[in-house]
Amino acid sequence: MGSYVAVHIADWPRLARTVSERAPRRFADLEWPDEDHRQQYPIGLRWLDRTEQWIAEYRFHAYSSAALHSEFEAVWRDARLFVPWDAPPETAELITDTDLFLRGLYGADLPVEPAAHQPWSGHSDTIRPTTWLAHSPAHLATLANLWGRIAPRISDLHPHLDRETANRHRITTPAIFERLLRDWGEVVHEADTRRWGLLVDMW
C-alpha cells in the first residue's frame, strides 16, 4: 500500500472502452490532480474530464492517506470482535451490515455478487503503475443497499468504537470514524445514483 488512497466514480461502459482500447492519450487528457493542490479542492466530486464528465475523484473530509484507511480498517476489525455475544438482534444486524459494507469496499467479495468485484490493472504508465480496485455498478448497488440500512443508525455504533479509538493515532474518537464512514457512504451513494462504478487507487 502506498501513501494515498484516491477514490473515483466513473461511467462503467466508458471506462471499459477506454481501458480495453489501451489508449494512453485518453487518460493523458484527463486533469489528474497535483498532490500539492489536491487539498485545495472542495469536499466531494472533482471532474477529471470537464467536457464529458464521465470520471471524477471524490475528496474526503480528512486527508485520504493510506495510513488513515489502514487504521480505519483496524479500528473496525477490533471493535466488532468485542460486540457482546448476546447483543440485541438489531445490533447484530447493524454490525453485520457495516462489516459487509467495509469489507466490500476494501477488497473482500460480497456474497451477493462476487464476480462483480475484480482488480483492474491500468494499461498505461500515464495512469500510474499500480492496480485499481474496481467495483462494478452491480457491486455498488449491493454496497448502496447496505449503506441505506447503516446510515440512519451510525450513532448506535459509537459505544462499540469507544474502546478501539482511545489509543489510536488518527481515528481517535468514534466521531472521526463516523466521518470517514459517511464519506464512503456518500461516494457509494453518488456512484449508485448514476449507475456508475467506483475505483480505489492506492499509491
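Predicted model: local features only at pLDDT ≥ 70, side-chain atom pairs only at ≥ 80, totals over all residues.
Colleague: Let's start with Ala 56; what makes Ala 56 buried?

Modeller: Its relative accessible area is 0%, and buried means under 20%, so Ala 56 counts as buried. You will find Ala 56 in strand E3.

Colleague: Which residues is Ala 56 in contact with, leaving aside its neighbours within four places in sequence?

Modeller: Among them are Val 7, His 8 and Ile 9, and also Leu 45, Arg 46, Trp 47 and Leu 48. Ala 10 is 46 residues away from Ala 56 along the chain, yet their C-alpha atoms are separated by 6.6 Å.

Colleague: Now the loops. Why does Gln 53 count as partly exposed?

Modeller: Its relative accessibility is 37%. Gln 53 sits in the loop between strands E2 and E3, and has a positive phi of about 50° although it is not a glycine.

Colleague: And why does Arg 195 count as exposed?

Modeller: Exposed means over 50%, and Arg 195 has 59% relative accessibility, so it counts as exposed. Arg 195 is in the loop between helix H8 and strand E6. Its phi is positive too, about 60°, although Arg 195 is not a glycine.

Colleague: How do you know that the span of helix H6 agrees with what it should be?

Modeller: At 1.5 Å a residue, the 14 residues of H6 should span 20 Å; the end C-alpha atoms are 19 Å apart, so the two agree. The buried residues of H6 include His 139, Leu 140 and Trp 147.

Definitions and conventions
Residues numbered from 1 in each chain as written. Heavy atoms only, no water. Helix = DSSP H or I, 4+ residues; strand = E, 2+ residues; numbered from the N terminus. Expected span 1.5 Å × (residues − 1). Buried < 20%, exposed > 50% of the residue type's maximum accessible area, 1.4 Å probe, protein only. Contact = heavy atoms within 4.5 Å.
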